[in-house]
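Subject: Structure for your files

Hello,

Here is the structure I said I would pass on. My notes on what was found in it follow below.

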Amino acid sequence: MAWTRTRRSKPVTYLLGEPVEEYPAIAPEVERGRVLRITEIGEPVLHTPARTVEEFSTPELARLIDDMFATMESAQGVGLAAPQVGVDLRVFVYDLTDAAGDRHVGHVVNPVLEMDLDAEPATEEEGCLSVPGAYEPLERPGRASVRGVDQHGAPVQLSGAGYLARCFIHESQHLDGTLYWDHLSPDLQTDALKQRDEERAHIVAERREIAIELDKTPPDYPEKPAGGR
């Protein structure tokens with residue numbers, strides 16, 4: 001009996017949830033954006049609910065999204081919320097590749113998060129660009145969705161499982177003033193800050209190098225964590 005192997009389809013790139021034929025390795029927003037300093041745990045903007053965006057199709061909102069993509073790229077992140085660049089608006093961006101090899105790219109304005117609490121939860125190592133270098137195990141629901149709008153006010157509805165769901169949850173919660181660190185036990189919180197203290201200088205230097213490689217002006221980071229923790 002002859003056996004045939006199932007052919008894996010070519011990985012797909014989804015832009016705001018819709019498949020696209022071609023997409024550059026570096027998102028176009030990165031080319032236009034500036035690299036900003038990423039705020040750190042303890043800074044008030046990270047621990048305060050962000051404001052709803054009320055004006056769309058503005059140069060300011062477009063510039064913010066471009067800057068967030070450029071900053072995320074320089075920090076080798078897969079998601080970034082506006083408070084992480086010091087802006088208290090309900091906006092996040094994302095660019096990640098899931099376990100199947102598919103890429104997901106986009107931004108969401110005024111996202112509303114819905115976690116599928118009936119889905120199988122998963123515990124994975126999770127980190128945050130605002131707690132540089134720290135990774136801790138954290139259980140999250142296996143599926144989640146967000147609905148909101150794009151920068152022009154057009155409706156956006158996204159859903160995902162696994163890594164993508166974790167990203168949606170992580171970034172949406174940032175906009176409510178909640179960090180992944182807030183979900184950790186006291187012992188893990190202490191360990192996360194210890195990791196941060198050990199790794200921060202190296203990571204800040206690496207962000208600077210990547211910004212220069214992208215032909216961007218690197219932001220200045222204080223010698224010690226800006227949030228004081």
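**The annotated site**

His 174 is buried, with a relative accessible area of 0%; buried means under 20% relative accessible area, exposed over 50%, and partly exposed in between, with a 1.4 Å probe and protein chains only. Please note that this is a predicted model, in which local features need pLDDT of at least 70 and side-chain atom pairs count only at pLDDT 80 or more, while totals for chains, interfaces and linings use all residues. Residues are numbered from 1 along each chain as its sequence is written, and side-chain values use heavy atoms, with hydrogens and water left out.

According to UniProt, in an unreviewed entry, the feature "binding site" falls at Cys 128, His 170 and His 174. UniProt positions are given in the numbering used here, feature names are shortened, and annotations may be inferred rather than shown by experiment. The three positions span 47 residues in sequence, yet no two of their C-alpha atoms are more than 10.2 Å apart, so they gather at one spot.

His 174 is found in helix H3, and so is His 170, the helix covering residues 162–174. Helices (H or I, at least four residues) and strands (E, at least two) are DSSP runs, numbered from the N terminus. Leaving aside residues up to four places away in sequence, His 174 touches Leu 46, Ala 81, Pro 83, Gln 84, Cys 128 and Leu 179; contact means heavy atoms within 4.5 Å.

His 170 is buried at 7% relative accessibility. With residues up to four places away in sequence again not counted, His 170 touches Glu 126, Gly 127, Cys 128, Arg 140 and Tyr 180. The side chains of His 170 and Glu 126 are also joined by a polar contact of 2.6 Å. A polar contact is a pair of N or O atoms within 3.5 Å; within protein, one must be able to donate a hydrogen and the other to accept it, and residues adjacent in sequence count only if both atoms are side-chain atoms.

**Cysteines**

There are zero disulfides, a disulfide being a pair of cysteine sulfur atoms within 2.5 Å. Cys 128 is in no disulfide, and its nearest cysteine sulfur, that of Cys 167, is 11 Å away. Cys 128 is buried at 8% relative accessible area, and Cys 167 is buried at 5%.

**Aromatic rings**

The count of aromatic pairs is three. Rings of Phe, Tyr and Trp (its six-membered ring) pair if their centres lie within 6.5 Å; planes under 30 degrees apart count as stacked, over 60 as edge-to-face and the rest as tilted. Phe 92 and Phe 168 make a tilted pair, 6.3 Å centre to centre with 45 degrees between the planes. Phe 92 lies in strand E4 (residues 91–97) and Phe 168 in helix H3, so this pair ties together parts that are 76 residues apart in sequence. Tyr 94 and Phe 168 make an edge-to-face pair, at 5.6 Å centre to centre and 90 degrees between the planes. Here too distant parts of the chain are linked, with Tyr 94 in strand E4 and Phe 168 in helix H3, 74 residues apart. Ring pairs link Phe 92, Tyr 94 and Phe 168 into a cluster. Phe 92 and Phe 168 are both buried, and Tyr 94 is buried as well.

Regards
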